[in-house]
Structure formats: C-alpha cells, structure tokens
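Please work through each task with the structure in view before reading its solution.

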Amino acid sequence: MEPVDTGVADAEPHDDGTSREEAPAAEQTVPPTLGQVLLAVEELWPESLAESWDEVGLVAGRPSSPVTRVMFAVDPTLEVIEEAVEWGAELLITHHPLLLKGVTSVAATTAKGKAIHRLIESGTALLTVHTNGDSAVGGVSDVLADALGLEDVLPLTLASNGLPEEGIGRVGHLAEVMSLGDFAARVFGILPSVAGGVRVSGDKDGLVRRIAVCGGAGDSLFNEVRASNADVFVTADLRHHPASEAREDAVNGRPYLIDVSHFASEWLWLPAAASALGNVLADQGHDVEIQVSTTNSDPWDFILTPG
C-alpha cells in the first residue's frame with residue numbers, strides 16, 4: 001500500500017528533543033467583553049438582591065466592548081471617574097448609584113451630567129453594585145463583620161429573594177468579651193482615616209460581645225437590632241432623632257451605638273470585591289487588571305472638637 005499524504009509536514013525536532021507536535025501549547029487568556037463581566041458580577045452580587053427602591057446595574061457602556069482594566073470605588077464622583085479614566089479603566093464599578101433618582105437631562109451643566117459625558121466620551125463604562133452588594137454573601141456587612149472578628153454571623157434582615165445567609169446587616173459574637181471603649185478602638189483601627197472619626201454612645205467600660213453591624217446608613221434597622229439582642233450597633237449616618245430615640249428605648253443602656261463614616265464603612269468591601277471578581281474572571285479564562293480607587297470620597301475635610 002502506498003503511503004497516504006496527510007498534508008501535514010513531518011514534525012521537526014526542538015533543541016530539547018521534543019517535536020513541534022509534542023511541545024505544550026502556551027496558555028492564552030483573552031480580555032472579556034463588558035457583557036461577560038456583567039455575567040460574572042451577577043454571579044457574585046445578583047440584581048435580585050437589590051432593595052425595591054434601589055437602582056443597580058449598568059449605567060453607561062456597550063456590552064460588546066472589551067474590558068482589560070476594572071476599577072472599584074465607593075462613589076462615582078467626578079474625581080473618581082477622572083482617576084479611572086487616567087488609569088485606563090474601561091469599567092468603573094461603584095457601590096453608590098450615580099442616578100438613584102430620575103433625571104430629565106444629562107446636559108454637562110450639572111455634576112451628574114458632566115460625569116455621564118466624561119464616562120461616554122472616554123469610553124469608560126459605569127456599573128452600580130449597591131444594596132445587592134450589601135445583601136450578598138461576602139458583601140459589605142459581611143466584610144465589616146469579618147474585619148471586626150465576629151463569629152457565628154447571621155443577617156439582621158433576610159433578603160426577600162436570597163439565601164438564608166443573605167440580607168441587609170449582620171449580627172454575630174466576638175470571640176471574647178470586650179469593653180465598649182476597647183471595641184470602639186478596634187472599629188476605629190480597621191477603618192480608613194476620615195475627618196469625622198468614630199462617635200460612640202454608651203458606657204465606655206460597659207461590656208460587649210454580641211455585635212450588630214450595617215455598612216452604610218443603618219438607622220432603619222433599630223427594631224431588628226433590638227430583636228437580635230446586640231450589645232452594640234455599628235453603622236453610619238446616625239441622625240439625631242433616631243439615635244436619641246434608640247438611647248431612650250435602650251434596656252440597660254443597650255444597644256450601645258457606634259457611628260462611623262458612611263464612606264469608610266463601605267470602603268472595606270472594595271478590596272474583597274475586587275479579589276472576588278478577579279477570581280471569577282480568571283476561572284473563566286479572562287485576563288483583567290483590577291484596582292481599587294485611591295480617592296477618598298468622604299465629603300468631610302476636617303472636624304473641630306472641644307478640648
């Protein structure tokens with residue numbers, strides 16, 4: 001029988017003795033499209049977990065556009081957007097929405113209009129992960145609870161469309177009893193530095209172990225905090241009347257209150273979120289550079305205190 005011509009040339013040997021056919025193919029990663037990144041985000045922080053009043057998801061950007069760099073930030077301020085553009089991010093993921101309330105114009109005569117124009121003109125997409133990022137496993141309050149060393153952590157409120165471990169806020173135990181003063185110092189130590197610092201209501205020497213937390217504004221959760229029998233509630237943006245009423249309703253002074261910066265309480269989530277998204281995209285064979293914004297978007301610059 002005459003040999004059959006397969007059309008394939010004989011393999012030439014390499015210097016190491018292997019043939020070209022035997023040499024392992026180099027692994028190649030490709031950047032995902034924005035649409036593929038959106039699917040990865042949905043896997044981590046499903047939009048179904050967002051509160052009914054919230055506006056999450058894609059704000060600007062073409063799903064078909066490639067994404068090689070992603071930046072995470074708390075707020076879509078003009079300064080943050082400029083940082084993302086200068087770094088070359090094709091996607092900016094922020095915790096807070098740019099357009100939470102309806103608008104009738106995005107003319108560049110307002111801050112929000114300028115933000116939209118800068119995003120579109122620079123080719124930078126904007127994605128909001130807000131209360132879905134609060135509620136999900138590994139979300140804002142989970143990260144805050146973990147940073148404070150809480151154990152046996154449960155949601156303060158259950159998500160309507162989620163797992164039993166998903167919902168707004170968390171409550172858990174410290175490994176050991178601490179004084180309120182020492183615990184407040186721990187809270188101060190884990191947060192990024194901001195002008196407002198940390199405010200505390202309660203007996204500095206009072207003992208605490210059961211801790212409730214809510215990243216961002218949590219003064220709508222006082223009923224759930226009391227029902228959880230927490231010794232102290234850590235949250236942000238505590239207004240005068242809700243805080244005053246909580247003190248009046250306290251039993252044996254509890255729950256004590258620790259009021260922190262809204263920005264600082266949610267910033268802790270950014271590195272964890274960036275790592276989680278990077279892992280999902282890498283598992284899918286995508287090569288994406290992810291960075292956390294270095295812009296401090298806390299609105300306060302300095303504070304005056306007595307003494």
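**Exercise 1.** Determine how exposed R69 is, and which side chain R69 meets in a salt bridge.

*Solution.* In this predicted model, R69 has a relative accessible area of 25% and is partly exposed (buried means under 20%, exposed over 50%, partly exposed in between; 1.4 Å probe, protein chains only). Next, the side chain of R69 forms a salt bridge with that of E289, at 3.1 Å from N to O (a side-chain nitrogen of Lys or Arg within 4 Å of a carboxyl oxygen of Asp or Glu). E289 is in strand β11 (residues 289-292) and R69 in strand β2 (residues 69-73), so the bridge ties together parts 220 residues apart in sequence (strands are DSSP runs of E, at least two residues; helices are runs of H or I, at least four; both are numbered from the N terminus). E289 is likewise partly exposed, at 40%.

Residues are numbered from 1 along each chain as its sequence is written. Local features need pLDDT of at least 70 and side-chain atom pairs 80 or more, whereas totals for chains, interfaces and linings use all residues, and side-chain values use heavy atoms, without hydrogens and water (pLDDT is the predictor's confidence in each residue, from 0 to 100).
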